[in-house]
Structure formats: C-alpha cells, structure tokens
Amino acid sequence: MSIMSATSRLGIALLFAASLRAGVDGCACDPAKPETMAARECSLCRLAEQQPPEPAIFFVKDNNPRKPNRWLVLPRSHGDRGHHLQDMTAAERTALWKAAILKGKELWGDQWGLAYNGPKVRTQCHAHIHIGKLLKGVETRRFIVVSKPEQIPLPHGEGVWIHPAGKRLHVHLGEQTCETVLFR
Ligand SMILES: [Zn+2]
Ligand SMILES: [Zn+2]
Ligand SMILES: [Zn+2]
C-alpha cells in the first residue's frame, strides 16, 4: 500500500468518525435557541415545537412522498441530552410504545408493525417511531417475546422493530435499519 492511499484511507476514517460524532445522536440543538434547530436533521424538533404543549405525544404522517402509508409517533419534548428513547423515563417510553401500538392497530388491525432505527442510520435527531403495516416475509429469529409494552427493552446502540404475535409482541433487536420491515 502506498503512503498516499494509507493517508487517504486515514482521512476517510477520520471523516467518518467526525460525521458520526456530528451525527444526529450528538446533535446540539436546543429548543430555547431556535437557530440551533435549523439543520435538516432537526426538522422533527421544529415540528415538535409547532405542537401545543399538550399532549406529550403526537402523530404525523411521514412527509416522504415515497412512504405514503407511514405514520410517525413522537414525544412533544426534546429530553435533556439528545432526544432519544434512552433519554426518556421508562414511563415515557412505555407511553410512547402504547400510543404507537394503538395507532398501528387503528391503521392496520393485527398487521401493524413499529420500527425505531438504530443510531448509525437515523437521519433525524428527535425520537420517532415509525408506524406501518408489517411486510410479509420479514420474520427473523432475532427476537424476544414480551407480553406488554412495559417489557419492551431499551435498545442500546441498535434499532428495534416490533409486531404482534398472538396476544404477545415480538421485539426484534440487533439491527440498525428497521423501518424497511414496514410497507411504505
Ligand atoms: Zn437536532
Ligand atoms: Zn428534538
Ligand atoms: Zn417477529
């Protein structure tokens, strides 16, 4: 390997590290300073700020025209450090999952699915769960079974997707891109 290519490889690695650090999980946006929420990755933060103070959870249709059947559920508040599931209390997380499940049932009956993308692929800094219809044939063996939303574990550095299995729930962990299990 030439010195040149080693150098450029290092450069790429550093760039990548820098982009991860500056990624949506490290977003320093602050609702008290609207100018810090101007970036594209903060658009869901701006949307949250446009909502009334209550309720604590709100729904929006995915505004991507290529995902006309998708909805998102989001917390109204931004959390103290970052805006993600790990920054919420267990009660807040459970409330968010319950709201997502209710909306999923309302839209798709027992064919609903929920997806929360992992930190490496997220493009928005504000917590949001995708709600849609679970695609056929996406089942894997990497899941745990829980009987109620209170038992959904907090994903650590990974995404999670959830769907009903009889009266219980499959919680699929260990993946980053999760929303692709849902009908667009
Ligand atoms: Zn942000
Ligand atoms: Zn936010
Ligand atoms: Zn499953």
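Visitor: Of the residues in this chain, what share counts as buried?

Guide: Of the 184 residues, 30% count as buried. Keep in mind that this is a predicted model.

Visitor: Which elements make up the chain, and in what order do they come?

Guide: There are 3 helices and 7 strands. Read from the N terminus, the order is α-α-β-β-α-β-β-β-β-β.

Visitor: How should I read the pairing of the strands?

Guide: In general, the strands of a sheet pair through backbone hydrogen bonds, and they do so either parallel or antiparallel. Here an open sheet of 7 strands shows antiparallel pairing, in the order β1-β2-β4-β3-β6-β7-β5. At its edges stand β1 (57–61) and β5 (143–146), each of which pairs on one side only. On average, neighbouring strands of this sheet are turned by 25 degrees against each other, direction ignored.

Visitor: How many bridges join β1 to β2?

Guide: The antiparallel strands β1 and β2 (residues 71–75) are joined by 5 bridges. Along this pair, valine 60 stands opposite leucine 72 in β2.

Visitor: Where does α3 pack?

Guide: Helix α3 packs on the sheet, where it touches β1, β2, β3 (112–116) and β4 (129–133). The direction of α3 makes about 160 degrees with that of β2.

Visitor: Which residues have the most contacts inside the largest nonpolar core?

Guide: They are Val73, Ala100, Ile129 and Ile131, in a core of 36 residues. At least two residues of this core come from each of α2, β2, α3, β3, β4, β6 (160–165) and β7 (168–173). Helix α3 gives the most, with 5 residues. As for alanine 100, its contacts are Val73, Leu114, Ile129 and Ile131, leaving aside residues up to four places away in sequence.

Visitor: Is isoleucine 101 buried or exposed?

Guide: Isoleucine 101, in helix α3 (residues 90–108), is buried because 22 other C-beta atoms lie within 10 Å, and the cut-off for buried is 20 or more. Isoleucine 101 also shows how sequence and space can be compared: proline 149 is 48 residues away in sequence and 8.7 Å away in space, C-alpha to C-alpha.

Visitor: What share of the contacts joins residues at least 24 apart?

Guide: Among contacts between residues at least 6 apart in sequence, the share is 61%.

Terms used. Residues numbered from 1 in each chain as written. Chains lettered and ligands numbered in written order. Predicted model: local features only at pLDDT ≥ 70, side-chain atom pairs only at ≥ 80, totals over all residues. Helix = DSSP H or I, 4+ residues; strand = E, 2+ residues; numbered from the N terminus. Buried ≥ 20, exposed ≤ 12 C-beta atoms within 10 Å, placed from the backbone. Pairing = 2+ DSSP bridges. Axes fitted to C-alpha atoms, helices over the stretch in contact; angles between N-to-C directions. Contact = placed C-beta atoms within 7 Å. Core = buried A, V, L, I, M, F, W, Y, C linked by C-beta atoms within 7 Å.
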